[in-house]
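Here is a short tour of one protein model. Take a look at the sequence and the fold before reading on.

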Amino acid sequence: MHAAKDTTELTVEAWLAQREWHPFDFQREAWAHIAAGRSGLLHASTGSGKTYAVWLGVLQALLDSLPRSKSAPLSVIWLTPMRALAADTARALQTPLQELAPAWTLGLRTGDTPSGERAKQDRRMPTVLITTPESLTLLISREKCAEELSSVRYVIADEWHELLGNKRGVQTQLALARLCAFNPKLVTWGLSATLSNKEHSAQVLCRQSAKKASKFTEKSVNQTVIVQGKQVKDLRIDTLIPDKPGNYSWAGHLGARMLEPVVKEIESSGTTLVFTNTRSQAEIWYQLILEAKPEWAGLIALHHGSLDKEVRDWVEQGLKAGRLLAVVATSSLDLGVDFLPVERVLQIGSAKGVARLIQRAGRSGHAPGRTSRITLVPTNTLELIEAAAARRAAQAGQIESRASPYKPLDVLVQHIVTVALGGGFTADALYEEVRSAFAYQDLSREEFNWALAFCERGGDSLAAYPDYHRIKPDENGIYRVPDRAVARRHRLNIGTIVSDAAMQVKYQTGQRIGTIEESFIARLKKGDCFTFAGRILELIRVNDMTAYVKRAEKNKASVPSWQGGKMPLSSELADNVVSLLAEASDGYFHEPEMQAAEPMLATQMRLSRMPRPGSLLIESYTSKEGHHLYIYPFAGRNVHLGLASLLAYRLALDEPATFSLSVNDYGFELLSATACDMSKLQDQSLFASKDLLQDVLASLNSSELAQRRFREIARIAGLIFTGYPGAAKSNKQLQASSGLFFEVFKKYDERNMLLVQAQQEVLSQELNIEQLQSTLQAMQKNRLDWVQLSHPSPLSLPLMVERLREKLSTEKLADRLDRILRDAEKI
C-alpha cells in the first residue's frame, strides 16, 4: 500500500483528483489566463463553480512562485459586496489553502471584524484577505499602505454586478488604481452570474490593470479576457397560482390569501428561503407564517441587514447545518452564499428584475449539477403576468445591463483625502492614476484641480474655516493630511453607502437587537409598539440615538419602513409583460399564470383595450372626484413620475389647472377637478422632446430634489461628519448641515462642482432623463388607443388605489373598493 502523497507537494489539479473532482472546461480556461498574467471577467451560472474557477487558478500561480512551507505576504485581496458573503467565501477558500499551503493564512476584514482580529492583522497581514470596498479603502488610508499593499498580486471582485453600477463600484475602481500604482503587474478578476453587458463590465474592472501592465509587459499578457462558463445550470421558475384571483387587481390584494399556500409549500419542501423585496415586508411575512404555525418557533428565522450580526450569523449557520425549516430574507442573502441544504426559494411579490430573479433562484441547488428552483408568489393578479414575463425573459437570457457612474466628484474628493492620508501624493501623479479608472477616464485637469483645491481649502466659500483645509502640500509638493482630528474624522466617514441615520435598538438590559432608521422611531411615542427582528416590541424611551424597548404584550404593532421600499420594473421585464398582454388580446393564454389572470384580462378587454407593442393605451374617466387620465407607457415608476409631472406641467401652460398624480410600473394617472383641452395629447405634440430638460426641471421642485441629492454628496465628500462611535448625529442635524452647505454654495459659490453633480444625479438617477426622453419619443411614434371608460378598468384601478391610500383609512378604502367591484359586476 502506497503512502498518501504529502499535500504540500500537490498541484491544484492533483488535489482535485484526490477528491475525484473533475474541472469544467471553463475553469481550466480561467486557470490558463491567470497563469499567463491576464485580467478578466468570469461569467457563469450561480452554483456552477465560479469561485474555484478563479481561486484555484490564483492559488496555483502563487504555489508556482512562493515557497508554500513559509508564511507569505499579503498576495490576494478578495473583494465582496456583503458581509454575509465574506464569511461564506472564507470557508470556501480555506480548505484548498490549508491543505496545499498550510503556512499561508486567510483573514477577513469587514465592518464586523473584531478589534482584536484587526490588531492581529495590523501586526502581520494574512496571505489572502477577504474584505469590502470600504475596508480596502481604509487600508489605503494608512500611512504605510504602500509597504503593506505592494505585495498584492491578485484582486478578485466577487459578485461584480452588485458594485458595477453604483458609487461603491467607483470606490473600487479608485482602490484598484492605487493598488496598480503599487504593483503595475496586478491581475484583476471579476465574478458574476447576472451580467448582460459583459464587455463593458470587464473594461470597467480591468482597465487599470491593462493600462498599467501595458508599460511593463507584452501586449498579449495585459489583454482583458472574458470567460463564459460552459456549465449550463438547470433553472426552474414556476408560480404559486392563487385560487380565483378575481377580475381586478391592486397592490397587495392577494397577499393574505397566499399565506396558506406558502405554508404548504414550506411544509412539503426541505429548507426553504422566502425572499421579499423590502425589510418591512420580511418582518410582516415572518409574523404571518409564525402566527399560522406557532409550533415552528425556532424552526423559522428572519434575516435582513438591520439585524444584529450575532442574529445574522446564527441564521446563516442554521441554514448551512440544515437546522432551519425556512428563513424569510431580503437581499441580505441574495449573493453567492452557499447554503447546500436549501431546496426551494419562494419570491414574495414580483422580483421586478430578471437579474434579481436569477440571483435568488441560485440560492437553491447551489452546486454544479443541481437544479435551482424559484417559485413566484404573486401578491396581486398583475404580478401573475409579471411572473410569466420574468420566466420568459430569464429563459431568453434578457438580463438588465449595468453601467459605471460617470465622474462622481464626491467620491473623488473622498479619495484624494484618503490617498493624502495613505502616504501622500503629488498632484500630477495622482491625476494620471485617477484617470486610469474607467469612471474618470475623461476627467479634465480643470475638474481634478477643482477637487484638489476643494480638499485643500474648501473651495471659494469655505476658505475661512480650518476644518475644511483637509490636505496641504509640503516643501516637495507632496500632499498630506496635517491635522490628526481631520484624519480621524475622515477615516470614520469613508464609504459611499448613505442611508437615513440609524438608531440602535436595545432591550433595557443593554442587549442589542439591531438598527432601525431614525425617521421611523421619530414617529413613535412612549408605549407605541412596532414589529422588529420578528418580535413585537414596545418603545420605552429614546436616548443618545438608541431606542430602548421591551417585549410587548399587545398583538397589534406598526411595521418599520426603510428607504428604498419600491423598486421599478426593469425595461426587459416590462417589454415581456406588454408582449404577453398582446398575446392575451389575440386569445393566446399559453402560460398557467396567464390562464389564471384571464378573468381580469377579459374584464380589461370588455371595458377598455389591451396594451400592445407599437401602441399607447390612454384611458379617460369622469367621476365625482373629477377628470381622470390614465396613460400606460410601461416604463417603470421612476420614469412615470417624471412623465406625469412633465405632462401635467405642459397641459397647464395653456390653461391653469391643478393635477393630482399617481404612478406605478405600468403607467400614471392625472386627475384634475376641471376638464382640460386634450388636443395636444391627441395630436401627440405633448410628447415632444423639445425643451425637455427645461420643462422637466420646471415641472418638479428641482431645487428640493437637488438639495435632497446633495445630502448624500455632502456626506461622501466629507463636508458632513456623521459623528464618532457612540455619539452619532441625528438625521435632523445631518439634514440641517447639508441644507446649510447647499444654500451657502448656491449663494457664494455657484460654480461649485458638487452642486452641478447634485443636479446631474437628479436627472440621471432619480428621473432617469435618458430613458424618459426615449420613452417620450416612443410615445410620439406609437399609435394612440384612446378609450373613454364608463367604469374603472383593471389597469386603472391600481393607480386609483395608490392615490386613495394616501387619503383614506384602510376601512374606508376597503368600502370604496367593494362599491367599485359591485358596480363592475353590473356592467
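**The model as a whole**

This is a predicted model. The protein has 827 residues, and 57% of them count as buried. It holds 33 helices and 27 strands. Among contacts with a separation of 6 or more, 74% join residues 24 or more positions apart.

**The parallel sheet**

Strand E12 covers residues 342–348 and strand E13 covers residues 372–377. The two run parallel and are joined by four bridges. Val345 has Ile374 in E13 as its bridge partner.

**The mixed sheet**

Another open sheet has five strands, in the order E23-E24-E22-E21-E27. Here the pairing is mixed. Strand E23 (659–663) and E27 stand at the edges. Each of these has a single partner strand, so one side of each is left without a neighbour in the sheet. Neighbouring strands are turned by 20° against each other on average, direction ignored.

Strand E22 (residues 626–632) and strand E24 (residues 668–672) run antiparallel, joined by five bridges. His628 stands opposite Leu671 in E24.

Which strands does helix H25 touch? Helix H25 (residues 637–654) packs on the sheet and touches E22, E23 and E24. Its direction makes about 160° with that of E23. Helix H32 (residues 796–804) packs on the sheet as well, touching E21, E22, E23 and E24. The direction of H32 makes about 120° with that of E22.

**A helix with a buried face**

Helix H24 spans residues 598–607. Its residues Met600, Leu601, Thr603, Gln604 and Leu607 are buried. Seen down the axis of H24, the buried residues fall within an arc of 155°, so they line one face of the helix. What do they pack against? The partners are helix H16 (382–395), helix H22 (571–585), helix H23 (592–596), strand E21 (615–623) and strand E27 (783–788). Strands E21 and E27 also belong to the mixed sheet.

**Salt bridges**

The count comes to 40 salt bridges. Three of them are set out here.

| Pair | N to O distance |
|---|---|
| Arg236 and Asp238 | 3.5 Å |
| Lys352 and Glu386 | 3.6 Å |
| Glu593 and Arg391 | 2.6 Å |

Arg236 is partly exposed, with a relative accessible area of 44%. Asp238 counts as buried, at 15% relative accessibility.

Are Lys352 and Glu386 buried or exposed? Both are buried.

Glu593 lies in helix H23 and Arg391 in helix H16, so this pair ties together parts that are 202 residues apart in sequence. Both Glu593 and Arg391 are buried.

Salt bridges also link up into a network. Its members are Lys167, Asp410, Arg709, Glu712 and Glu761.

**Where to read with care**

The mean pLDDT of the protein is 87, and 90% of the residues score at least 70. Among the elements, strand E5 (residues 154–157) has the highest mean pLDDT, 98. Helix H11 (residues 219–222) has the lowest, 40.

Residues 1–6 stay under 50 in pLDDT. The model gives this stretch two contacts beyond four places in sequence. Residues 213–222 are also below 50. That stretch has eleven contacts beyond near neighbours in sequence. Where pLDDT is low, the predicted coordinates should not be read in detail.

Key:
Residues numbered from 1 in each chain as written. Predicted model: local features only at pLDDT ≥ 70, side-chain atom pairs only at ≥ 80, totals over all residues. Heavy atoms only, no water. Pairing = 2+ DSSP bridges. Buried < 20%, exposed > 50% of the residue type's maximum accessible area, 1.4 Å probe, protein only. Arc of directions from axis to C-beta. Contact = heavy atoms within 4.5 Å. Salt bridge = Lys/Arg side-chain N within 4 Å of Asp/Glu carboxyl O. pLDDT = per-residue confidence, 0-100. Axes fitted to C-alpha atoms, helices over the stretch in contact; angles between N-to-C directions.
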